[in-house]
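Here is a briefing on one protein chain. Please keep the sequence and the model side by side while reading.

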Amino acid sequence: MYQQKWQNKYRNIKQTYDGYNYDSKFEASYAAELDIRVRAKDIKSWERQFKIALGANGFHFCNYYCDFRVLHNDKSYELVEIKGMETDVYKLKRKLLEALWLPEPLDHT
């Protein structure tokens, strides 16, 4: 009997690094790079799958899960997304995040 091998629709290969599952090799390699940067004291720390609630006027629209949140030595934070392909849902959530959390919009040229 024929069995079809199912692949991820974006052709990502899921990867495990340090006991955590990542959606792609690129995402797992970025996590490894962040670990190296922590050991080199280039950054203080980092978190994976950082959750940000998006809403306004008392209404919750959705949650945005950023791939990584990096804490720099000057105590500022950086949100990092690892994307091979920007989906329509990602673009919408990114625009909501920018509108609700950033003082001025980013240039996406």
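In which helix is the place of Arg 37? Arg 37 sits in helix H1, residues 25–39. Helices (H or I, at least four residues) and strands (E, at least two) are DSSP runs, numbered from the N terminus.

This is a predicted model, where local features need pLDDT of at least 70, side-chain atom pairs count only at pLDDT 80 or more, and totals for chains, interfaces and linings use all residues. Residues are numbered from 1 along each chain as its sequence is written, and side-chain values use heavy atoms, with hydrogens and water left out.

**Overall layout**

- The protein chain has 2 helices and 5 strands.
- Along the sequence, the pattern reads β-β-α-β-β-β-α.
- Of the 109 residues of the protein chain, 28% count as buried. Buried means under 20% relative accessible area, exposed over 50%, and partly exposed in between (1.4 Å probe, protein chains only).
- The accessible surface of the protein chain is about 8,700 Å², and 52% of it belongs to carbon and sulfur atoms. Accessible areas come from the Shrake-Rupley method with a 1.4 Å probe; for residues, only the protein chains shown count as cover.
- Among contacts in the protein chain with a separation of 6 or more, 37% link residues 24 or more positions apart. Contact means heavy atoms within 4.5 Å.

**Strand pairing**

- Strand S3 (residues 43–56) pairs with S4 in the antiparallel sense over 12 bridges. Two strands pair if DSSP finds at least two bridges between them.
- Phe 50 has Cys 66 in S4 as its bridge partner.
- The S3–S4 hairpin has 2 residues between its strands, and Asn 57 in the turn has a positive phi of about 55 degrees.
- Strand S4 (residues 59–72) also pairs with strand S5 (residues 77–80), antiparallel, over 4 bridges.
- Phe 68 stands opposite Val 80 in S5.
- The S4–S5 hairpin has 4 residues between its strands, and Lys 75 in the turn has a positive phi of about 70 degrees.

**Around Arg 37 and His 72**

- Leaving out residues up to four places away in sequence, Arg 37 touches Tyr 30, Asp 42, Ile 43 and His 72.
- His 72 lies in strand S4. Why does His 72 count as buried? His 72 counts as buried because its relative accessibility is 19%.
- A second polar contact, of 2.9 Å, joins the side chains of His 72 and Glu 78.
- His 72 and Asp 42 are 30 residues apart in sequence, and 7.6 Å apart in space, C-alpha to C-alpha.

**Nonpolar surface patch**

- Phe 59, Phe 61, Leu 100, Trp 101 and Leu 102 make a nonpolar surface patch of about 550 Å². Patches are made of residues with over 30% relative accessible area and no salt bridge: like charges are joined within 9 Å, nonpolar side chains (Val, Leu, Ile, Met, Phe, Trp, Tyr) within 5 Å. A salt bridge is a side-chain nitrogen of Lys or Arg within 4 Å of a carboxyl oxygen of Asp or Glu.
- S4 and helix H2 (88–101) each supply at least two residues of the patch.
- Leu 102 lies in the segment after H2. Leu 102 is partly exposed, at 35% relative accessible area.

Key. Polar contact = N/O pair within 3.5 Å; in protein donor to acceptor, adjacent residues only side chain to side chain.
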